[in-house]
Amino acid sequence: MIQYENETIRVFQSALYMTTSAVIELEEAIIITDPNWLPEEVEEIKEYVNQIKKDKQLYIIYTHSDFDHIIGSGAFPESKVIASRNLSENKHKENAMKQVDTFDQKYYLQRNYKPTYPRVDYIVSEDGQELVLGTSTVTFYLAPGHTDDGLFTVIEPAGIFLSGDYLSDVEFPFIFDSYLEYVKTMEKAKDIFSNHNIFVHVPGHGHTTENIVEMQNRLHFSQEYLEQLPNAQENIEEILLKRYTYFEGMKHIHEDNKKLAMKEKI
Ligand SMILES: [Zn+2]
């Protein structure tokens, strides 16, 4: 399951949708993001965490409340949970857990923990909020647009940028919340790249990269896509088809994006 590794971070990749879970080993704490999807995958992440944990405090960051990203919640009862205020105050918690249950029912899956909606210990309510963990500083930014409860995290001095379901190399922007908010969130991402020293970018789906040009390319493509979306040019689809291996299965999301963008642009 190991997709990427350096001295501070190991990124696990699920067999499903190239969903990632990062385990970051700091001097005084361990941070995990979105442990997922399959029971044995969550178990593998847990075994690794147990190996390196020692007496360090464990934190889990949930990048947003889509059910695939909170499916591992309940597997790490000793951890402190970090997430946005909107994730914490989500009115559709039961619905998210129902989706987890439906998934497990559909594939006859058994877990050795009970999936539960995350109870947030550290709430992020504003951009630039900082959490100091020993010699590391963790800076958070609210990232609405995909969902209204998204979160960007930057960990320094390691230079790790955890972007949740934004800036993926395998998915174009999926706009489930708001087109205009998504546009603003991409501006925020641009500011993050100029105001922080980013060495590693971990998207919620797709490949981790150390390549600055690749990071910029992901951002530019998202911004260009969003800019073109309300005008609904036919050739966008051809471009998406060339760029994204799994476009056929995502095509309907592009159609929905177009409708939302046109509605909000007026
Ligand atoms: Zn996702």
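Guide: Let's begin with the second largest cavity, whose volume is about 40 Å³. Keep in mind that this is a predicted model, in which local features need pLDDT of at least 70 and side-chain atom pairs count only at pLDDT 80 or more, while totals for chains, interfaces and linings use all residues. Residues are numbered from 1 along each chain as its sequence is written, and side-chain values use heavy atoms, leaving out hydrogens and water.

A cavity is a set of points on a 1 Å grid over the protein atoms alone where a 1.4 Å probe fits but cannot get out, and lining residues have an atom within 4 Å of a point. Volume here is the space filled by probe spheres set on the points, with grid points joined across faces, edges and corners. Around our cavity you will find Asp-165, Tyr-166, Leu-167, Ser-168, Glu-171, Phe-172, Pro-173, Tyr-182, Ser-222 and Tyr-244. By class, six of these are nonpolar, two polar and two charged; Tyr and Pro count as nonpolar, and Gly as polar.

Phe-172 gives us a way onward: this lining residue is also touched by His-254. His-254 sits in helix H8 and counts as buried because its relative accessibility is 1%, where buried means under 20%, with a 1.4 Å probe and protein chains only. Leaving aside residues up to four places away in sequence, His-254 also touches Tyr-225, Leu-229, Ile-236, Glu-237, Leu-240 and Phe-247; contact means heavy atoms within 4.5 Å.

A pocket is an open set of points with protein on both sides within 12 Å along at least five of seven lines. H4 gives the largest share of the lining, six residues. Sorted by class, the lining has 15 nonpolar, 13 polar and 10 charged residues.

Thr-20 takes us to strand E3 (20–25), one of the strands that the buried residues of helix H1 pack against, along with E2 (9–13), E4 (29–33) and E5 (57–61). Helices (at least four residues) and strands (at least two) are DSSP runs numbered from the N terminus. The buried residues of H1 include Val-42, Ile-45, Val-49 and Ile-52. H1 itself covers residues 39–53, and just after it Lys-54 takes a positive phi of about 50 degrees.

E3 runs antiparallel to E2, joined by five bridges; strands pair if DSSP finds at least two. In this pairing Arg-10 has Val-23 as its bridge partner. Six residues lie between the two strands of this hairpin, and Tyr-17 in the turn has a positive phi of about 55 degrees. On E2, four of its five residues are buried. E2 also pairs with E1 (2–5), in the antiparallel sense over three bridges, and Ile-2 stands opposite Phe-12.

How values were computed. The expected span of a helix is 1.5 Å times one less than its number of residues. Buried means under 20% relative accessible area, exposed over 50%, partly exposed in between (1.4 Å probe, protein chains only).
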